[in-house]
Amino acid sequence: MKAVIQRVAHASVVVDGSVVGSCGRGFLLLLGVAEGDAELDAELLCRKIVNLRIFPDEAGKMNRSIKDIDGELLVISQFTLMANYRHGNRPDFLASARPEEAERLYEYFKSLAAKEVKRVESGIFGAHMEVSLLNDGPVTIVMDSDVLKKK
């Protein structure tokens with residue numbers, strides 16, 4: 001499972017002309033599920049993300065988590081994070097989990113995050129989405145659950 005975490009002042013997602021999810025200060029999170037991912041991958045990523053200290057403290061140092069600042073989270077499913085671009089110029093997405101499994105783990109991740117973060121919203125799984133955000137920093141971190149398993 002891969003995640004792209006962007007610290008934002010605010011973000012929103014539009015589907016068919018309507019806002020379906022938004023957040024204030026917090027994270028815009030792009031989440032990709034790979035073939036073979038399981039609940040453990042979602043749990044490892046969620047635990048790391050909600051405790052990730054990348055918000056400034058009183059001294060301006062990145063020392064606070066999304067929980068510490070009472071921040072918000074907008075989660076967007078993004079299978080393209082699993083792109084294989086090694087050969088040719090057209091990426092393949094064969095490493096992505098099948099849609100039913102990806103959606104199940106995406107929903108599981110959101111349920112875990114909702115236990116830790118005051119407000120969690122999302123896009124619509126499988127829909128064409130228009131995502132808008134105002135980066136704060138910018139601060140962007142890419143995580144892979146496979147890296148967290150190697151501790």
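Mentor: Start with the largest pocket. Its lining has 19 residues, and Ser77, Gln78, Phe79, Gly126 and Ala127 lie nearest the centre. Two or more lining residues come from each of β3 (26–32), β6 (72–77) and α2 (99–114). Bear in mind that the model is predicted.

Trainee: Which element gives the largest share of that lining?

Mentor: β3, with three residues. The space in the pocket is about 380 Å³.

Trainee: How do the lining residues divide into nonpolar, polar and charged?

Mentor: There are 12 nonpolar and seven polar residues, and no charged ones.

Trainee: Now the aromatic pairs. What makes Phe27 and Phe55 a stacked pair?

Mentor: The structure holds three aromatic pairs. For Phe27 and Phe55, the ring centres are 5.2 Å apart and the planes meet at 25°. Pairing needs centres within 6.5 Å, and stacking needs planes under 30 degrees apart. Both values pass, so the pair is stacked. Phe27 sits in strand β3 and Phe55 in strand β4 (residues 55–56), 28 residues apart.

Trainee: Why are Phe27 and Phe55 called buried?

Mentor: Buried means under 20% relative accessible area. Phe27 is at 0%, so Phe27 counts as buried. Phe55 is at 0% too, so Phe55 is also buried.

Trainee: What makes Phe79 and Phe93 edge-to-face?

Mentor: Their centres are 5.1 Å apart, with 80° between the planes.

Trainee: Are Phe79 and Phe93 buried, exposed or partly exposed?

Mentor: Partly exposed. Phe79 has 48% relative accessibility and Phe93 has 30%.

Trainee: On to charges. How do you know that Lys118 and Glu72 form a salt bridge?

Mentor: Their closest N and O atoms are 3.9 Å apart. The limit is 4 Å, so the pair counts. Lys118 is in the loop between α2 and β7 (119–122), while Glu72 is in strand β6, 46 residues apart. The structure holds 11 salt bridges.

Trainee: Why is Lys118 called exposed, and why is Glu72 called buried?

Mentor: Exposed means over 50%, and Lys118 is at 52%, so the label holds. Glu72 has 12%, under the 20% cut-off, so Glu72 is buried.

Trainee: Which other residue meets Glu72 in a salt bridge?

Mentor: Arg119, at 2.7 Å from N to O. Glu72 lies in strand β6 and Arg119 in strand β7, so this pair ties together parts 47 residues apart in sequence. At 27% relative accessibility, Arg119 is partly exposed.

Trainee: What makes Glu72, Lys118, Arg119 and Glu121 one network?

Mentor: Arg119 also meets Glu121 in a salt bridge, 3.1 Å from N to O. Glu121 is partly exposed at 25%. Salt bridges that share partners join the four residues.

Trainee: Last one. Why is Ala34 called buried?

Mentor: Its relative accessible area is 15%, under the 20% cut-off, so Ala34 is buried. Ala34 lies in the loop between β3 and α1 (39–51). Leaving out residues up to four places away in sequence, Ala34 touches Met82, Ala95, Ser96 and Ala97.

Conventions
Residues numbered from 1 in each chain as written. Predicted model: local features only at pLDDT ≥ 70, side-chain atom pairs only at ≥ 80, totals over all residues. Heavy atoms only, no water. 1 Å grid on protein atoms, 1.4 Å probe; cavity = no way out; pocket = protein on both sides within 12 Å on 5 of 7 lines; lining within 4 Å. Points joined across faces, edges and corners; volume = space filled by probe spheres on them. Helix = DSSP H or I, 4+ residues; strand = E, 2+ residues; numbered from the N terminus. Nonpolar A, V, L, I, M, F, W, Y, C, P; charged D, E, K, R; others polar. Buried < 20%, exposed > 50% of the residue type's maximum accessible area, 1.4 Å probe, protein only. Contact = heavy atoms within 4.5 Å. Phe/Tyr/Trp six-rings, centres within 6.5 Å; stacked < 30°, edge-to-face > 60°. Salt bridge = Lys/Arg side-chain N within 4 Å of Asp/Glu carboxyl O.
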